[in-house]
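Visitor: I have a chain to go through with you. Please walk me through its fold, one question at a time.

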Amino acid sequence: MQTINVALIGQGFMGRSHSNAWGQVARFFKPPIRPIMHTVYGQPEENPPAFAANWGWLHSSTNWEEVVRSPEIGLVDVVTPNHMHAPVAKAALAAGKPVCCEKPLAGTLDDARSMVEAAKAAGVKTFVWFNYRRCPAVALAHQLVKQGVLGEIRHVRAAYLQDWASEAVPLLWRFDRSLAGSGAHGDLNAHIIDMTRFVTGSEITEVVGAIAETFIKRRKLPTGPAGETLGAGRAGEEYGDVTVDDTVLFLARFANGAVASFEAARQATGNQNRNMFEINGTKGALKFDFERMNELQIYDATLPRAVQGWTTIMCTHAPDHPYVANWWPDAHIIGYEHGFVNQAYDILKVLAGEEPTVPIPDFEDAYQTQRVLEAALISAAERRPVSLSEVK
Ligand SMILES: NC(=O)c1ccc[n+]([C@@H]2O[C@H](COP(=O)([O-])OP(=O)(O)OC[C@H]3O[C@@H](n4cnc5c(N)ncnc54)[C@H](O)[C@@H]3O)[C@@H](O)[C@H]2O)c1
């Protein structure tokens with residue numbers, strides 16, 4: 001069987017979730033190309049050899065430039081903070097390697113555009129880990145809308161609400177604009193912009209208005225490496241400025257005529273990972289909430305009024321629900337990490353020239369999401385509507 005040597009650049013939260021995905025994909029799926037977990041890069045204080053041993057990487061390195069250029073590497077997977085997506089991805093593309101990169105595509109629109117250009121120049125495949133597309137319930141929503149089940153879409157209501165960013169959390173890279181680009185916006189709105197573009201099959205044409213707020217303007221500096229979102233307990237005594245938003249809300253229009261609202265927040269107390277959308281069409285409606293990720297709610301407005309009502313679909317039935325046939329029997333539910341394994345499978349299919357299970361975003365596609373992020377930031381700063389035609 002054909003194989004491909006994968007290099008993983010970064011070993012934090014996503015480093016673990018991608019390591020799991022590359023390790024599991026050929027056990028649960030039959031990908032046309034088998035990934036070999038060749039090299040993981042980490043910073044020296046992260047102990048890359050121990051990470052490699054734990055997750056099954058053959059080699060580790062503290063020099064990402066050497067890794068992405070190595071002739072032994074066939075695919076580069078980027079799981080660094082956002083400011084490093086462009087330098088790492090562009091170095092890999094310049095070496096002729098296909099790249100899969102975490103979301104958002106980059107911290108800034110300029111970086112994102114340069115990545116799209118580098119991908120075009122390299123002429124190789126690229127992928128962005130908008131993993132929620134690969135929850136069976138979200139993939140099913142995409143398929144149902146495509147089949148016309150909702151009729152004409154009128155309303156899109158999306159929110160991604162978390163509550164981890166209390167004052168106890170130190171100034172992680174996620175609170176630093178030079179490293180992250182933006183706060184909850186690029187982190188969370190990126191996902192729901194991508195997911196609603198994916199499910200509706202339509203593009204956002206205008207951000208009508210936006211509001212951004214930073215509630216906690218100074219945070220204690222971390223005492224050591226403070227990865228992931230928690231980091232509480234690692235706060236020192238010195239303070240630094242928070243330079244990103246805690247929340248961004250915006251209203252938008254889709255090309256299909258629908259109006260939409262988006263909300264991203266890190267201090268939405270009571271919501272740990274409430275990544276949700278509700279879509280109302282003329283013939284029906286859909287609701288998804290990641291906190292109940294195996295379920296999709298559907299409302300069929302074509303039934304007699306007397307029997308209309310919300311139905312909960314348990315999206316665990318093979319072969320009717322995407323990806324499920326490769327996991328467990330009915331209602332033996334899957335979790336967060338499975339979306340990444342599903343995506344690893346589709347990446348390997350596309351690399352082999354096959355169609356993915358459902359569409360997978362490349363750099364060009366993720367750039368469209370980045371333009372919407374940018375339009376909302378302009379709208380919030382200048383307090384005005386922003387047409388996407390303004391954001392090149
Ligand atoms: N798809 C998702 O649902 C999802 C979830 C969380 C994070 N992310 C994205 O994944 C990326 C990484 O986030 P994370 O939560 O894993 O972060 P993290 O802080 O846990 O890990 C980042 C890793 O990047 C490496 N790194 C840090 N600074 C670096 C530098 N200057 N140069 C090179 N490497 C460096 C380190 O190995 C570190 O462990 C971000 O772009 C984030 O937006 C995506």
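Visitor: Among contacts with a separation of 6 or more, what share joins residues 24 or more positions apart?

Guide: This is a predicted model, where local features need pLDDT of at least 70, side-chain atom pairs count only at pLDDT 80 or more, and totals for chains, interfaces and linings use all residues. Residues are numbered from 1 along each chain as its sequence is written. Two residues are in contact if their C-beta atoms, placed from the backbone, lie within 7 Å. For residues 24 or more positions apart, the share is 70%.

Visitor: What radius of gyration does the chain have?

Guide: The chain has 10 helices and 17 strands; these are DSSP runs (helices H or I, at least four residues; strands E, at least two), numbered from the N terminus. The globule rule (2.2 Å times the number of residues to the power 0.38, with the radius taken over C-alpha atoms) gives 21 Å for 392 residues. The chain comes close to that, so it is as compact as a globular protein of that length, at 21 Å.

Visitor: Which element gives the most to the side of domain 1 that touches domain 2?

Guide: The bounds, from an automatic or database domain assignment, are 3-128 for domain 1 and 133-335 + 362-382 for domain 2. The contact takes 25 residues from domain 1 and 22 residues from domain 2. On the domain 1 side, α1 (13-28), α5 (109-122) and β6 (126-128) each give two or more residues. With 6 residues, the top contributor is α5.

Visitor: Within what arc do the buried residues of α2 fall?

Guide: Helix α2 covers residues 48-55, and Pro48, Phe51 and Ala52 are buried there. On the other side, Ala50, Ala53 and Asn54 are exposed. The arc is that of the directions from the helix axis to the C-beta atoms. The buried residues line one face of the helix because, seen down the axis of α2, they fall within an arc of 100°.

Visitor: Which strands do those buried residues of α2 pack against?

Guide: Just after α2, glycine 56 takes a positive phi of about 95°. The packing partners of the buried residues are β2 (34-41) and β3 (59-61).

Methods
A residue is buried if 20 or more other C-beta atoms lie within 10 Å of its own, exposed if 12 or fewer, and partly exposed in between; C-beta atoms are placed from the backbone.
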